Amino acid sequence: MNAASIIREAHADGVRLVLSLVGTIKATGDGAAVSRWLSTLRDHKAEIIDALKAGRGDVDSLTAREEAAIRAWLALIEETDPATIDEVICRCRWSADVRDYFNWRAESSSPPA
């Protein structure tokens, strides 16, 4: 099984994989599902990290411009928690609906008065 397949299958099982701020894999989701995937994630850690860095395995793509706009909007609303930011970006990568919502927020928001 290659890294992109692992990422997609883990996602289908309810596990979200993202890179942490220090470049390691962060797995979130149902605890039992995460536990089922831990061995595979450890065995393929380097390949999964490379795939996540390159954007391979994403169910839906998030462009660099979209990600920058979403991050700018999060900063605008004073969201600074790295875990929350990672979760938003991860969800935008995996769901077109979520990505569309955050793109809309980023495009329609102006700085607070």
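Rings of Phe, Tyr and Trp (the six-membered ring of Trp) are taken to pair if their centres lie within 6.5 Å, with planes under 30 degrees apart counted as stacked, over 60 as edge-to-face and the rest as tilted. The legends below describe a predicted model, in which local features need pLDDT of at least 70 and side-chain atom pairs count only at pLDDT 80 or more, while totals for chains, interfaces and linings use all residues. Residues are numbered from 1 along each chain as its sequence is written, and side-chain values use heavy atoms, with hydrogens and water left out.

Figure 1. Three aromatic pairs are found in a search of the whole structure. One of them joins tyrosine 101 and phenylalanine 102 in an edge-to-face arrangement, at 5.1 Å centre to centre and with 80° between the planes. Tyrosine 101 also pairs with tryptophan 104; this pair is tilted, with 6.0 Å between centres and 40° between planes. Both tyrosine 101 and tryptophan 104 belong to helix H6 (residues 96-108), where they are three residues apart, about one turn of the helix. Helices (H or I, at least four residues) and strands (E, at least two) are DSSP runs, numbered from the N terminus. Trp73, Tyr101, Phe102 and Trp104 form one aromatic cluster.

Figure 2. Buried denotes under 20% relative accessible area, exposed over 50%, and partly exposed the range in between (1.4 Å probe, protein chains only). Phenylalanine 102 has a relative accessible area of 14% and is therefore buried. Tyrosine 101, at 41%, is partly exposed, and tryptophan 104, at 48%, is also partly exposed.

**Figure 3. The salt bridge between aspartate 13 and arginine 36.** A salt bridge is a side-chain nitrogen of Lys or Arg within 4 Å of a carboxyl oxygen of Asp or Glu. Three such bridges are found in the whole structure. In this view, the side chains of aspartate 13 and arginine 36 meet at 3.0 Å, N to O. Aspartate 13 lies in the loop between helix H1 (3-12) and S1, and arginine 36 in helix H2 (residues 31-43), so the pair ties together parts that are 23 residues apart in sequence. Aspartate 13 is partly exposed, because its relative accessibility is 30%.

Figure 4. In helix H4 (residues 64-76), glutamate 67 and arginine 71 are four residues apart, about one turn of the helix. Their side chains meet in a salt bridge of 2.9 Å, N to O. Glutamate 67 counts as buried at 16% relative accessibility, whereas arginine 71 is partly exposed at 35%. The side chains of arginine 91 and glutamate 87 form a salt bridge of 2.5 Å, N to O. These two residues are separated by about one helical turn, because they are four residues apart in helix H5 (residues 82-94). Arginine 91 is partly exposed, with a relative accessible area of 40%.

**Figure 5. The loop around glycine 23.** Glycine 23 is located in the loop between strand S1 (15-19) and strand S2 (25-29). With a relative accessibility of 26%, glycine 23 is partly exposed. The C-alpha atoms of glycine 23 and aspartate 50 are 9.8 Å apart in space, and the two residues are 27 residues apart in sequence.

**Figure 6. Context of the close-up views.** The protein comprises six helices and two strands, which follow the pattern α-β-β-α-α-α-α-α along the sequence. Of its 113 residues, 32% are buried.
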